[in-house]
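Here is a friendly walk through the structure below, written as numbered points for someone meeting it for the first time. Please keep the model open as you read.

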Amino acid sequence: MKLVLAFVNPEKIWELKKRLFEIHTPGISVDQVMGIGKPLARMAEMMERHGAIPKFFPKMRIEMVVPDEMIEEVLSTIQKVCYTGNSGDGKVFVLPVEEAVRIRTNERGEAAIQ
Ligand SMILES: Nc1ncnc2c1ncn2[C@@H]1O[C@H](COP(=O)(O)OP(=O)(O)OP(=O)(O)O)[C@@H](O)[C@H]1O
Ligand SMILES: [Mg+2]
């Protein structure tokens, strides 16, 4: 299992939810966060020269624990929906997950997320 941790633009979240459920993602948690990515060269130069501080932008943080074999489909879905080509389109991290427990049934591992 993997944890997909994604930061995307808020206006993409409804379309993304729709597409992720179409590919049978087992579950999704979201929250609103404020974030900063890597400054573009121009901003990095402003920071260096003038001590400018980059701004936070509102993003949606998405967490999904999915079976290993779903990873590529989940990543390509996020990329398809969220790509505009502009800076700030978002970022996705993939982390290993050691265990999952469905509290109601005591199922463990992949059985707990399917
Ligand atoms: N290294 C990171 N650690 C934690 N959160 C991050 C990191 N990089 C980006 N984020 C989160 O993702 C959001 C979107 O990042 P963003 O798309 O701006 O990445 P970027 O590397 O600056 O790429 P781009 O050049 O396309 O803007 C940020 O606002 C922040 O919430
Ligand atoms: Mg950025």
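1. Helices and strands in this note are DSSP runs, numbered from the N terminus: a helix is H or I over at least four residues, and a strand is E over at least two. On that basis the protein chain has four helices and six strands. Their order along the sequence is β-α-β-α-β-α-β-β-β-α.

2. A word on conventions before going further. The model is predicted, so local features need pLDDT of at least 70 and side-chain atom pairs count only at pLDDT 80 or more, while totals for chains, interfaces and linings use all residues. Residues are numbered from 1 along each chain as its sequence is written, and chains are lettered from A and ligands numbered from 1 in the order in which they are written.

3. How spread out is the protein chain? Its radius of gyration is 17 Å, well over the 13 Å that the globule rule gives for 114 residues, so the chain is more spread out than a compact globule. (The radius is taken over C-alpha atoms, and the rule is 2.2 Å times the number of residues to the power 0.38.) Along the principal axes, the C-alpha atoms fill a box of roughly 60 × 25 × 20 Å.

4. Next, burial and contacts. A residue is buried if 20 or more other C-beta atoms lie within 10 Å of its own, exposed if 12 or fewer, and partly exposed in between, with C-beta atoms placed from the backbone. Of the 114 residues, 13% count as buried. Two residues are in contact if their C-beta atoms, placed from the backbone, lie within 7 Å. Among contacts between residues at least 6 apart in sequence, 75% join residues at least 24 apart.

5. β1 pairs with β3 in the antiparallel sense over seven bridges, and Ala6 stands opposite Ile62 in β3. β1 also pairs with β4, again antiparallel and over seven bridges; here Val4 stands opposite Val94 in β4. In a regular strand the side chains alternate between the two faces of the sheet.

6. Which residues make up the largest nonpolar core? There are 12 in all: Val4, Ala6, Val8, Leu16, Leu20, Met60, Ile62, Met64, Val66, Val74, Ile78 and Cys82. Each of β1, α1 (13-22), β3 and α3 (71-82) supplies at least two residues of this core, and β3 gives the most, with four. (Such a core is a set of buried Ala, Val, Leu, Ile, Met, Phe, Trp, Tyr and Cys residues joined through C-beta atoms within 7 Å.) Leaving out residues up to four places away in sequence, Leu20 touches Thr25, Ile28 and Thr77.

7. Now to ligand 1. Around it are Phe7, Gly35, Ile36, Gly37, Lys38, Phe57, Lys59, Ser87, Gly88, Asp89, Gly90 and Lys91, where a residue is near a molecule if its C-beta atom, placed from the backbone, lies within 6 Å of it. The elements giving two or more residues to this shell are β3 (57-66) and β4 (90-96). The shell divides into three nonpolar, five polar and four charged residues. (Ala, Val, Leu, Ile, Met, Phe, Trp, Tyr, Cys and Pro count as nonpolar, Asp, Glu, Lys and Arg as charged, and the others, Gly among them, as polar.)

8. Helix α2 (residues 41-50) is hardly covered: among its 10 residues, the count of buried ones is zero. Met46 is found in this helix and is partly exposed, with 15 other C-beta atoms within 10 Å. The C-alpha atoms of Met46 and Ser87, 41 residues apart along the chain, are separated by 17 Å. Just after α2, Gly51 takes a positive phi of about 70°.

9. His24 has a phi near 65°; it is found in the loop between α1 and β2 (29-35) and counts as exposed, with 10 C-beta neighbours inside 10 Å. Asn106 has a positive phi of about 65°. Asn106 lies in the loop between β5 (101-102) and β6 (107-108), and counts as exposed because it has 9 C-beta neighbours inside 10 Å.

10. Finally, Glu110 is in helix α4 (residues 110-113). Is Glu110 buried, exposed or partly exposed? With 16 C-beta neighbours inside 10 Å, Glu110 counts as partly exposed. Leaving aside neighbours within four places in sequence, Glu110 is in contact with Met1 and Pro67. The C-alpha atoms of Glu110 and Val65, 45 residues apart along the chain, are separated by 9.6 Å.

Conventions:
Pairing = 2+ DSSP bridges.
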